[in-house]
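Keep the 3D view open as you read.

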Amino acid sequence: MRKSKFTESQIMAILKQNEAGVPVPELCREHGISSASFYKWRSKYGGMDTSLMKRMKELEEENRRLKKMYAEERLKAEIRLEALEGKPLKPSLRKEMAKEAIIKHAISIRLACLCLGISESCFYYQSKLNAENEQIADWLLRLTDNKKRWGFGLCFLYLRNVKGFKWNHKRVYRIYCELELNLRIKPRKRIKRDKPDALCVPTTINDVWSMDFMSDSLASGRSIRTFNVIDDFNRECLAIDVDLSLPSARVIRSLEQIIEWRGKPNTIRCDNGPEYISETIKDWAKEQQITLQYIQPGKPTQNAYVERFNRTVRHEWLDLNIFDSIEQAQELATQWLWTYNNERPHTAIGGVPPRQLLQAA
């Protein structure tokens with residue numbers, strides 16, 4: 001659960017100021033909180049003193065800790081059950097687990113072997129050193145040092161077919177893994193994209209839109225996402241959609257709803273997120289004759305208009321509210337969006353609201 005930046009004494013002092021006659025709007029402006037947060041505090045802590053409020057928070061914290069402890073123990077039991085009844089571990093690993101259980105829990109060897117599913121003879125077994133293992137390791141080290149791109153397959157075939165050694169492939173592979181000679185997994189090939197042009201200010205409405213995602217959390221701690229779309233011409237926010245998940249199909253639905261009342265853009269600028277590079281949204285953009293302008297990976301400044309808008313959203317809306325549900329977050333987002341477009345001055349467009357610049361144009 002997200003922790004409040006106000007302490008118990010600070011919250012109680014704010015409530016006492018209101019009881020002394022200070023109006024709610026003045027308190028919210030003075031302390032940088034929303035009216036919803038203030039009324040939530042008053043309904044929850046009204047009539048309490050600091051000691052009762054602190055005790056209630058201690059009980060809530062204790063309850064949260066006990067729930068977390070129970071969840072952790074249950075998870076440990078499930079993992080242990082999965083390890084023993086799912087894909088079986090090697091006897092050597094079970095043997096090491098048995099030794100650790102004997103030391104940690106002070107149980108007998110018989111009980112440890114019974115719990116982990118190994119025989120006592122396996123527990124007492126001592127592996128015999130073989131001089132050939134050193135020879136295999138020496139050959140593998142020399143081969144991988146001279147042949148940098150050779151993996152296990154080529155090394156084993158060389159030893160078997162060229163040098164004539166009759167070592168079993170499982171034995172060679174075990175030593176190969178113990179020496180940590182495995183080749184690095186080749187990463188996925190990046191899609192080559194042309195270098196985009198410098199960021200410029202559009203001269204007409206619906207010339208270039210920008211879109212991006214943001215993340216936050218509910219009061220319960222569950223993560224939520226917001227989908228933000230702005231028109232770069234007058235920095236007008238066209239939509240803020242809030243949900244737990246926003247796949248490419250949801251992105252397309254939101255864009256179509258905007259197009260119905262706003263009109264179709266020529267270009268939409270976005271980053272390289274999985275929702276934006278999916279074939280679904282590419283096919284939709286091609287059908288709508290809209291150009292998707294991708295920025296270079298790792299360079300959010302090439303989508304600076306919406307990134308600057310995200311900062312405003314974070315500072316003026318997300319940080320001032322505590323959301324109990326998706327519906328509440330969406331309602332507050334719609335209210336803040338209207339204020340941003342119609343009332344909030346924007347310094348980048350001459351200190352006027354976006355809608356006012358649109359009317360003048």
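**From the whole chain to its details**

Of the contacts in the chain with a separation of 6 or more, 59% are between residues 24 or more positions apart. Keep in mind that this is a predicted model. The chain has 361 residues, and 34% of them count as buried. Its secondary structure comprises 15 helices and 5 strands.

Start with the sheet. It is open, has 5 strands and mixed pairing, and its order is S3-S2-S1-S4-S5. Two strands stand at the edges: S3 (236-243) and S5 (291-294). Each has a single partner strand, so one side of each is left without a neighbour in the sheet. From one strand to the next, the twist averages 25°.

Now look at the pairings. Strands of a sheet pair through backbone hydrogen bonds, either parallel or antiparallel. Strand S1 (residues 208-217) and strand S2 (residues 223-231) are antiparallel, with 9 bridges between them. One place to check this is Ser210, whose bridge partner in S2 is Ile230. S2 and S3 also run antiparallel, joined by 7 bridges. Here Val229 stands opposite Ala239 in S3. S2 and S3 form a hairpin, with 4 residues between them. Arg235 sits in the turn and has a positive phi of about 60°.

H11 lies across S1, S2, S3 and strand S4 (267-270), and runs at about 145° to S3. Helix H14 (residues 326-342) lies across S2 and S3, at about 175° to S3.

Stay with helix H11, which spans residues 248-262 and includes Arg262. Is Arg262 buried or exposed? Its relative accessibility is 10%, and the cut-off for buried is under 20%, so Arg262 counts as buried. What does Arg262 touch beyond its neighbours within four places in sequence? Its contacts are Ile205, Asn206, Trp209, Asp231, Asn234, Glu236, Leu238 and Leu358.

Next, go to helix H2 (residues 24-31). Val24, Leu27 and Cys28 are buried there. Seen down the axis of H2, the buried residues fall within an arc of 95°, so they line one face of the helix. An α-helix has 3.6 residues a turn, so residues three or four places apart point the same way. The face of H2 turned away from the buried side carries Pro25, Arg29 and Glu30, which are exposed. Gly32 follows H2, and its phi is positive, near 70°.

The largest cavity holds about 30 Å³ of space. Its lining is made up of Ala36, Ser37, Lys40, Asn321, Ile322, Gln328 and Leu332. Helix H3 (35-45) and H14 each supply at least two residues of that lining. H3 gives the most, with 3 residues.

How values were computed: Residues are numbered from 1 along each chain as its sequence is written. This is a predicted model: local features need pLDDT of at least 70, side-chain atom pairs count only at pLDDT 80 or more; totals for chains, interfaces and linings use all residues. Side-chain values use heavy atoms; hydrogens and water are left out. Buried means under 20% relative accessible area, exposed over 50%, partly exposed in between (1.4 Å probe, protein chains only). Contact means heavy atoms within 4.5 Å. Two strands pair if DSSP finds at least two bridges between them. Axes are lines fitted to C-alpha atoms, for helices over the stretch in contact, and angles run from 0 to 180 degrees between N-to-C directions. The arc is that of the directions from the helix axis to the C-beta atoms. On a 1 Å grid over the protein atoms alone, a cavity is a set of points where a 1.4 Å probe fits but cannot get out, and a pocket is an open set with protein on both sides within 12 Å along at least five of seven lines; lining residues have an atom within 4 Å of a point. Grid points are joined across faces, edges and corners, and a volume is the space filled by probe spheres set on the points.
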